[in-house]
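Please look over the sequence and the model before reading on. The paragraphs below go from the overall fold to single residues.

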Amino acid sequence: MLVSAKEMLTKAKAEKYAVGQFNINNLEWTKAILQTAQELNSPVILGVSEGAGKYMCGYTTIVGMVNGMINELGITVPVALHLDHGSYEGAKKCIEAGFSSVMFDGSHYPIEENISKTKELVSICNEKGLSLEAEVGSIGGEEDGVIGGGEVADPEECKMIADLGVTMLAAGIGNIHGKYPENWAGLSFETLDAIQQLTGDMPLVLHGGTGIPADMIKKAISLGVSKINVNTECQLAFAEATRKYIEDGKDLVGKGFDPRKLLADGCAAIKATVKEKMELFGSVNKA
Ligand code: 13P
């Protein structure tokens with residue numbers, strides 16, 4: 001059964017580790033992540049962006065697939081199915097479809113509008129027992145080939161959003177989605193510390209987990225980060241292993257073209273990446 005992310009993140013914050021949010025793209029992705037979480041006895045959050053939601057034939061298809069897999073694979077660790085960077089409308093659709101957690105990313109709105117929209121969703125999510133993630137200070141990343149630097153959130157604005165009663169808060173601290181450029185300035189721990197001091201027990205979320213060095217991840221966790229999002233790193237691992245399989249000519253041997261064989265090395269690479277992250281984040285045996 002899907003659960004809200006509230007309990008797993010409250011525990012993570014109190015015990016100073018982080019739960020990974022791994023974004024899913026298809027059945028193979030979902031299966032690899034769920035199996036790894038179960039093997040490591042770790043809680044896990046499956047992230048779905050609106051684009052991936054469309055690709056996978058809509059939110060109800062995803063809810064059906066994930067619930068079916070939890071059942072058929074005998075998954076007993078806590079699993080949250082979470083909308084990643086949702087619009088206001090997207091969040092409502094996911095709530096209706098049976099997601100157990102949603103993110104409303106109002107970071108591009110003026111703060112007053114971010115507050116009013118977040119507030120409405122807080123009451124809907126509370127009523128249904130779902131967790132809600134809000135965002136202040138947008139997370140940069142690659143758009144049309146240009147890598148934008150991540151914004152640094154205003155800690156006072158973070159407090160205003162946290163006080164609305166959201167479950168967890170994503171705050172920009174110089175992090176970006178995708179690969180980090182060579183001249184990246186690193187995470188702003190000063191900002192993170194200021195946000196933590198103002199938001200107290202609120203679990204903080206670190207987006208753009210791909211490529212952040214291990215020592216920075218550990219420091220971020222020590223300063224209140226209890227959810228870390230990883231997407232690109234699994235995609236790179238999958239692509240590399242799949243390319244190697246084909247470059248080695250394995251698809252031309254016997255029934256190597258069978259998708260169950262063709263995608264197997266890529267799936268193993270996703271599992272290895274998820275395992276490495278769960279170990280680094282400290283969520284192993286915390287189910
Ligand atoms: P990466 O793709 O950089 O790992 O970021 C994932 C993320 O933050 C999803 O919201």
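What follows is a walk through this model, which is predicted.

We begin with the chain as a whole. The protein chain holds 12 helices and 10 strands. Its C-alpha atoms fill a box of roughly 60 × 45 × 35 Å along the principal axes. For 287 residues, a compact globule would have a radius of gyration near 19 Å, and the 18 Å of the protein chain agrees with that. Of the 287 residues, 45% count as buried. Among the contacts that join residues at least 6 apart in sequence, 70% are between residues at least 24 apart.

The largest nonpolar core has 71 residues, of which I33, L46, V102, L169 and A171 touch the most other members. What is A171 in contact with, leaving aside its neighbours within four places in sequence? The partners of A171 are V136, G137, A153, C158, I195 and L204.

Strand β2 covers residues 44-49, and five of its six residues are buried, so the strand is largely enclosed by the rest of the structure. Strand β1, residues 19-23, pairs with β2 in the parallel sense over three bridges. Between the two strands the chain passes through helix α2, residues 27-40, and this β-α-β crossover is right-handed. Strand β2 is also joined to strand β3, residues 79-86, by six bridges, and these two strands run parallel. In this pairing, V44 stands opposite V79 of β3.

Although H85 is not a glycine, it has a positive phi of about 50°. Is H85 buried or exposed? H85 has 22 other C-beta atoms within 10 Å; a residue counts as buried when that number is 20 or more, so H85 is buried. N285 is likewise a residue with a positive phi, of about 65°, that is not a glycine. N285 is placed in the segment after helix α12, residues 264-281. With 9 C-beta neighbours inside 10 Å, N285 counts as exposed, the cut-off for exposure being 12 or fewer.

An α-helix has 3.6 residues a turn, so residues three or four places apart point the same way. In helix α1, residues 6-15, the buried residues are M8, L9, A12 and K13. These cover an arc of only 130° around the axis, which puts them on the same side of α1. A14 and E15 are exposed on the other side of α1. What do the buried residues of α1 pack against? Their partners are β1, β3, β8 (168-171) and β10 (225-230). Just after α1, K16 takes a positive phi of about 60°.

Just after α5, G98 has a positive phi of about 110°.

The last stop is A269, which lies in helix α12. A269 has 20 C-beta neighbours inside 10 Å and therefore counts as buried. Which residues is A269 in contact with, leaving aside its neighbours within four places in sequence? They are A237, F238, E240 and A241. A269 and Q35 are 234 residues apart in sequence, and their C-alpha atoms are 13 Å apart in space.

Terms used. Residues are numbered from 1 along each chain as its sequence is written. This is a predicted model: local features need pLDDT of at least 70, side-chain atom pairs count only at pLDDT 80 or more; totals for chains, interfaces and linings use all residues. Helices (H or I, at least four residues) and strands (E, at least two) are DSSP runs, numbered from the N terminus. The radius of gyration is taken over C-alpha atoms; the globule rule is 2.2 Å times the number of residues to the power 0.38. Two residues are in contact if their C-beta atoms, placed from the backbone, lie within 7 Å. A nonpolar core is a set of buried Ala, Val, Leu, Ile, Met, Phe, Trp, Tyr and Cys residues joined through C-beta atoms within 7 Å. Two strands pair if DSSP finds at least two bridges between them. A crossover is right-handed if, with the strands pointing away from the viewer, the path from the first strand over the helix to the second runs clockwise. The arc is that of the directions from the helix axis to the C-beta atoms.
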